[in-house]
Amino acid sequence: MTGAASASFTADDYKARMERAARQAADAGLAGLLVAPGPDLVWLTGYTPTAVTERLTLLVLAPGRDPVLVVPTLEAPDAERALGACALTLRDWTDGKDPYAATAALLDADGRFGISDNAWAMHLLGLQRTLPGTSYASLTEALPMLRAVKDAAELELLAAAGAAADAAFEEIRNVAFAGRRESDVAADLAGLLRRFGHSQVDFTIVASGPNGANPHHEVGDRVIERGDMVVLDFGGLRDGYGSDTSRTVHVGEPTDEERRVHDLVREAQEAGFHAVRPGAACQEVDRAARAVIEDAGYGEYFIHRTGHGIGVTTHEPPYMIEGEEQPLVPGMCFSVEPGVYLPGRFGVRIEDIVTVTGDGGRRLNNTAREMVIVD
């Protein structure tokens with residue numbers, strides 16, 4: 001997380017997050033949480049190690065106990081400067097000592113713990129070797145909603161990231177597409193995201209013509225041609241919080257079929273958005289968008305979930321997918337992005353980030369969803 005994002009939160013915010021996480025761990029029947037460097041550690045403490053190495057860094061949260069951050073001695077000065085540091089105890093260890101023994105002293109010998117999905121296998125195995133009576137579950141499995149509900153400051157940062165992505169789209173629609181490579185337009189998009197405040201660009205998909213039928217097309221050297229449909233999907237982090245939006249443009253005048261498919265996806269996206277309301281299951285958003293596409297006979301060409309959560313990462317729980325019965329809660333933020341992909345021909349995707357409000361949903365992306373014609 002950048003310094004600008006950290007400045008939006010206080011030590012009390014991080015203290016409250018750690019306390020909430022410990023309570024949720026207890027409610028889930030866990031003895032505690034073990035949080036490795038990554039998005040969970042940033043969100044809980046404001047601390048990002050300057051380099052993630054083989055040396056163990058681990059936040060230990062347990063109900064009824066003060067949080068402890070186990071860090072290598074050479075990294076302790078940086079950890080002490082994190083905004084959340086005053087709400088926890090630092091326990092450092094020096095090279096040549098056993099970091100797992102230092103951590104084991106903080107854990108119940110027969111407890112079950114939630115552990116970061118991105119924790120290194122060598123560290124998990126080291127803990128298991130030191131405390132063979134312990135067991136572990138990934139945080140995504142054990143506490144999938146840990147970061148899902150955003151507070152007012154987080155919503156403000158996500159809205160700003162969405163507005164920056166919108167500004168990038170308003171600029172990119174005015175550049176030349178025909179006769180240029182996909183990689184050229186992707187570079188333009190990345191530059192625009194940075195110009196409008198992004199410190200990190202995670203993806204700039206530019207999928208032209210038949211490449212648009214691949215939802216995660218890797219940008220290549222294909223030259224965009226007049227008559228192409230072009231899927232644009234781009235985002236990253238601005239002040240530590242994510243953006244992610246998709247719009248599908250057309251180079252020159254589209255055919256009747258291309259207009260029809262684009263209008264269909266726009267209708268499906270609208271239906272998914274209007275399904276957002278507190279208490280509705282995540283799967284209801286997917287069902288609403290998917291029904292529109294299936295009823296039009298294109299169901300087999302909608303080949304991915306309708307949405308994913310967003311926050312300090314661009315993809316995280318909750319997921320808008322059949323079988324996900326998690327109720328929507330005010331403050332949740334996620335994408336609504338149905339698509340139709342016709343192999344060998346073209347694809348269409350329209351995506352907004354949406355946040356759940358007290359009585360429905362609010363879009364954080366507000367550029368035109370109608371067909372945009374580019375040169």
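Guide: Glu337 forms a salt bridge with Arg349, the closest N and O atoms being 3.8 Å apart; a salt bridge here is a side-chain nitrogen of Lys or Arg within 4 Å of a carboxyl oxygen of Asp or Glu. Glu337 lies in the loop between strand 12 (333-336) and strand 13, and Arg349 in strand 14, so the pair ties together parts that are 12 residues apart in sequence. Helices (H or I, at least four residues) and strands (E, at least two) are DSSP runs, numbered from the N terminus. Glu337 is buried, at 9% relative accessible area, and Arg349 is buried at 2%. Buried means under 20% relative accessible area, exposed over 50%, and partly exposed in between (1.4 Å probe, protein chains only). Salt bridges with shared partners also join Arg247, Glu270, Asp352, Arg363 and Arg369 into one network.

The model is predicted: local features need pLDDT of at least 70, side-chain atom pairs count only at pLDDT 80 or more, and totals for chains, interfaces and linings use all residues. Residues are numbered from 1 along each chain as its sequence is written, and side-chain values use heavy atoms, with hydrogens and water left out.

Another salt bridge joins the side chains of Glu257 and Arg345, at 2.4 Å from N to O. Glu257 belongs to helix 10 (residues 256-274) and Arg345 to the loop between strand 13 (339-342) and strand 14 (346-349), so this pair connects parts 88 residues apart in sequence. Glu257 is partly exposed, with a relative accessible area of 21%, and Arg345 is partly exposed at 42%.

Arg290 and Asp286 also meet through their side chains in a salt bridge, 2.9 Å from N to O. Both residues lie in helix 11 (residues 282-295), four residues apart, about one turn of the helix. Arg290 is buried at 18% relative accessible area, and Asp286 is buried at 2%.

As for the whole, a search of the structure finds 28 salt bridges. The protein has 34 positive and 56 negative side chains, counting Lys and Arg as positive and Asp and Glu as negative, without His and the chain ends. The centres of the two sets lie 2 Å apart, each charge being placed at NZ of Lys, CZ of Arg, CG of Asp or CD of Glu. The protein contains 11 helices and 17 strands, and buried residues make up 54% of its 375 residues. Its C-alpha trace spans about 70 × 40 × 35 Å along the principal axes.
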